[in-house]
Amino acid sequence: MSGLILTLNAGSSSLKFALYEPRAGGEPELILAGQAERLGGEARFIARYPAGDTVADHPFGAGTPANHHGALAEILRVVESERPGAEMAAVGHRVVHGAHLYGEPVEVTDAIIASLREFEPFAPLHQPHNIAGILAAKAAFPGAIEIACFDTAFHRAHPFVNDVFALPRRYYDKGVRRYGFHGLSYTFIADHLSKTMPDLHAGKVVVAHLGNGASMCAIKGGQSIGSSMGFSAMDGLPMGTRCGQLDPGVVLYLMEHEGLTTKEVTDVLYRQSGLLGLSGLSNDMRTLQEAGTQAAKEAIDYFVFRIRRELGAMAAVLSGLDGLVFTGGIGEHDADIRARVCADGGWLGLAVDEAANARGERVISTADSAVTVMAIPTDEERVIARAAQGFLQSAGLSAA
């Protein structure tokens, strides 16, 4: 195939990217990857080659805004520097919400963009940035195929009981459903298990995607049958700035008795809550652990408590548990959080090897643990690149 593949993955406080060389009959070959992190705060841009050598590592926000738009400008700058004048054959985008309309990746058209805008109220921290990335990439690479890959797609085969709210049925028919998110991450983990641990892949696995956005998924035979997230990317676990599970009566109270408008409630639930709200300090787990204040400790305690509570619920959904996989920024790197989640987990069959966990090994359970516990780095960008390469092949382009 002539040209390269660029992937863009907008999170609530980060923008990840990766640049690939497409390969017919094989995996896209990674050229470089990185991210702009801590957007809205002390933003930093990092890019590395696959072997780990640094391409760029610097703060930004002076000449370039410390937001998603500024992050995209940094990405385009490093891509042009590494491959001057290179043709971009395809740009693949993570899109958080595809509602009930999109169960597979799609080529982006004006009509697709218009439909994605309708889902912005469902994912206000992400969807506008996803769409902005698509529009910016279309302007930067007018000859490229633009592909949208949906976080909700992995969960579209949910059983009805895990897809519905107990509201009047007409709302379900209009799309008020439990969608689930972080589907690209779960797709990667499921694919990884199918290739490396097929027996575990065929069984009952809970995956905990823990980061600034956090959720858990019950996967049986590689298929999602339950998710902690629901209609929006706010339900379930507490996150960096999002509240997680909340009695809807609280929203009514805030509006009726605190006088908050819909916009103000949205801001509280999406941007002022979670670890930031509980700690009064930061949405970043690393900052909270270093701070050591009582409020920071309580915020972390609640985060761990909710993961443990959800783990028990997911095991019930699966009618048992064969594996537990930690992934995401916190799940992959934070041995203390993993240990605390699994502590006293004998009733579920969990037994963690403390030394293996501290070393960050792939399998962190003991040899006699009934449940295989793992820490697996996710790679949403590769899932997007695979989809983009598939579209290029379908278009009849030949590989390099």
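This is a predicted model: local features need pLDDT of at least 70, side-chain atom pairs count only at pLDDT 80 or more; totals for chains, interfaces and linings use all residues.
Q: OK, H2 and H3 then: at what angle do they pack?
A: Helix H2 (residues 110-117) packs on helix H3 (residues 127-140) at an angle of about 160 degrees, and their axes are 10 Å apart. Helices here are DSSP runs of H or I with at least four residues, strands are runs of E with at least two, and both are numbered from the N terminus. The axes are lines fitted to C-alpha atoms, for helices over the stretch in contact, and angles run from 0 to 180 degrees between N-to-C directions.

Q: And what is that orientation called?
A: H2 and H3 are therefore roughly antiparallel to each other, given that angles under 35 degrees count as roughly parallel, over 145 as roughly antiparallel, 65 to 115 as roughly perpendicular and the rest as oblique. H2 passes H3 in a left-handed crossing, where left-handed means that the near helix is turned anticlockwise from the far one by less than a right angle, and right-handed that it is turned clockwise.

Q: Which residues of H2 and H3 meet?
A: On the H2 side they are Ile113, Leu116 and Arg117, and these meet Gln127, Ile131, Ile134, Leu135 and Lys138 in H3, with contact meaning heavy atoms within 4.5 Å. By class, the contact of H2 with H3 has five nonpolar, one polar and two charged residues; Ala, Val, Leu, Ile, Met, Phe, Trp, Tyr, Cys and Pro count as nonpolar, Asp, Glu, Lys and Arg as charged, and the others, Gly among them, as polar.

Q: Which residues of H2 are buried?
A: The buried residues of H2 are Ile112, Ile113, Ser115 and Leu116, where buried means under 20% relative accessible area, exposed over 50% and partly exposed in between, with a 1.4 Å probe and protein chains only. Seen down the axis of H2, they fall within an arc of 165 degrees, so they line one face of the helix; the arc is that of the directions from the helix axis to the C-beta atoms. On the other side of H2, Asp110 and Ala111 are exposed.

Q: What covers the buried residues of H2?
A: The cover includes strand S6 (88-95), strand S7 (106-107), H3 and strand S8 (145-150).

Q: Switching to H7 and H8, how do they pack?
A: Helix H7 (residues 248-256) and helix H8 (residues 262-271) have axes 10 Å apart and pack at an angle of about 130 degrees. That makes H7 oblique to H8. H7 passes H8 in a right-handed crossing.

Q: Who touches whom there?
A: Val251, Leu254 and Met255 in H7 meet Thr262, Val265 and Leu269 in H8. That contact of H7 with H8 has five nonpolar, one polar and no charged residues.

Q: Which H8 residues are buried?
A: They are Val265, Leu269 and Tyr270. Seen down the axis of H8, these buried residues fall within an arc of 115 degrees, so they line one face of the helix, and what covers them includes H7.

Q: What about H5 and H15, how do they cross?
A: The axes of helix H5 (residues 183-196) and helix H15 (residues 380-394) come within 8 Å and cross at roughly 85 degrees. H5 and H15 are therefore roughly perpendicular to each other. The residues of their contact divide into four nonpolar, two polar and five charged.

Q: Last one, where is serine 319?
A: Serine 319 is found in the loop between H11 and strand S12 (323-327), and at 60% relative accessibility serine 319 counts as exposed. Phi of serine 319 is near 60 degrees, a positive value in a residue other than glycine.

Key: Residues are numbered from 1 along each chain as its sequence is written. Side-chain values use heavy atoms; hydrogens and water are left out.
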